[in-house]
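Dear colleague,

I am passing on the structure we spoke about, and below it you will find my notes on what turned up in it. Please read them with the model open beside you.

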Amino acid sequence: MTARFDRWLPWIYSLPMIAFVGLTFAYPTLSLLTYSLEHVGRSAYLPTTFVGLANFGYIATDSLFHRAIANNLRLFLCVPVLLVLSVVLAQLLHDRPRGWRLYRSLLFIPYILSIPVVGVVFGYLFQYQGQLNSGLRALGLDALAADWLGSPAFAMPTIMAVIVWKELGFGIILCLARLSSVGEQYFEAARVDGASWFQVLRYVTVPQLIPTLAFYAIVELINMLSWVFSYVYVMTLGGPQNSTVVTEFYIYQQVFQNSQIGVGAAAGVVLLAIVGLLLALRQWLSQRLAVYENE
């Protein structure tokens, strides 16, 4: 009897946390799936009508949803840029140049700033009459001044640049943490053999960072899908001409502006499925890289 009780004792202690996780994650997820199959009135508390896959059929033919998905895919281009810059800057900081602690802090500070604050600051900076264009005009570079957030051609690349600026610090710290656990003898041996800085980066640093970079890449891919709403909402509100609408913003529009809760829920299910696939990919990569490290 005692042995059987001891076997269940960890589960008994875990019940409060299991209940909390179920209330926080399982119930909203179940509600999302339910609403995606129903037509919901202007309030989720009003009577609903079961419509099956009609909401999914709507978003499948909605050009705005297609544009939102395409914009999220465009944001994926930020990930290789972040990976390259993180590795290069982490290697530079790992070499301990004079003032490297200050540089490390300056590079990491953007990551801990609030996204709405970053969006507001860069929103003012990139206005047509903002500080960036004013500075270009003062330098006689009027031809380079552009409507960075008001032009469909420049709005999304501008948001991407802001995201890279903010997210870069996380990648640098991850890479530095990994490099700090690598024996310095590997770097010294490469330098003694006459390896240049780029050769050390390519043949010593990058192989050591592969597991870290794989983790960072998956995290950032998920961020580009489900963590960019604040940038769009604060800086462009999805404009101009819907050129910066992303999936999160599309869901916001459908639920809070158009009162199409079922359509928004269907888009949320699609987003959840994509993020789930990325999480599964991350788990698979972790297992593969664990085998790679053991070899």
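Glu188 is partly exposed, with a relative accessible area of 40%, and in this predicted model it forms a salt bridge with Arg191, the closest N and O atoms being 3.6 Å apart. Arg191 and Glu188 are 3 residues apart in helix H9, so about one helical turn separates them. Arg191 also meets the side chain of Glu184 in a salt bridge, at 3.8 Å from N to O, and Glu184 is itself partly exposed, with a relative accessible area of 36%. A further salt bridge joins Arg191 to Asp95, where the closest N and O atoms are 3.3 Å apart. Because Arg191 lies in helix H9 (residues 184-192) and Asp95 in the loop between H4 and H5, this pair ties together parts that are 96 residues apart in sequence. Arg191 is partly exposed at 35% relative accessible area, and Asp95 counts as partly exposed at 29%. The count of salt bridges comes to 3, and Asp95, Glu184, Glu188 and Arg191 are linked in a network of them.

The loop between helix H4 (78-94) and H5 also holds Arg96, which has a positive phi of about 55 degrees although it is not a glycine. Most residues other than glycine have a negative phi, and most peptide bonds are trans. Arg96 is partly exposed, with a relative accessible area of 45%, and it lies over the face of Trp100, at 4.3 Å from the ring centre. In another arrangement of this kind, the charged end of Arg137 sits over the ring of Tyr128, 5.1 Å from its centre.

Leu237, in the loop between H11 and H12, has a positive phi of about 55 degrees although it is not a glycine. The peptide bond from Gly239 to Pro240 is cis, with omega near -5 degrees, and Pro240 is placed in the loop between helix H11 (229-235) and helix H12 (247-257). As for aromatic rings, the count comes to 14 aromatic pairs, and ring pairs link Phe229, Tyr233, Phe249, Tyr252 and Phe256 into a cluster.

Leu102 is found in helix H5 and is exposed, with a relative accessible area of 52%.

Why does the structure hold 0 disulfides? The sulfur of Cys78 has its closest cysteine sulfur in Cys175, 17 Å away, which is too far for a bond, given that a disulfide needs the sulfur atoms within 2.5 Å. Cys78 counts as buried, at 1% relative accessibility, and Cys175 likewise counts as buried, at 1%.

Ser226 and Asn72 are 154 residues apart in sequence, and their C-alpha atoms are 9.0 Å apart in space.

Key
Residues numbered from 1 in each chain as written. Predicted model: local features only at pLDDT ≥ 70, side-chain atom pairs only at ≥ 80, totals over all residues. Heavy atoms only, no water. Phe/Tyr/Trp six-rings, centres within 6.5 Å; stacked < 30°, edge-to-face > 60°. Lys NZ or Arg CZ within 6 Å of the ring centre and 35° of its normal. Helix = DSSP H or I, 4+ residues; strand = E, 2+ residues; numbered from the N terminus. Buried < 20%, exposed > 50% of the residue type's maximum accessible area, 1.4 Å probe, protein only. Salt bridge = Lys/Arg side-chain N within 4 Å of Asp/Glu carboxyl O.
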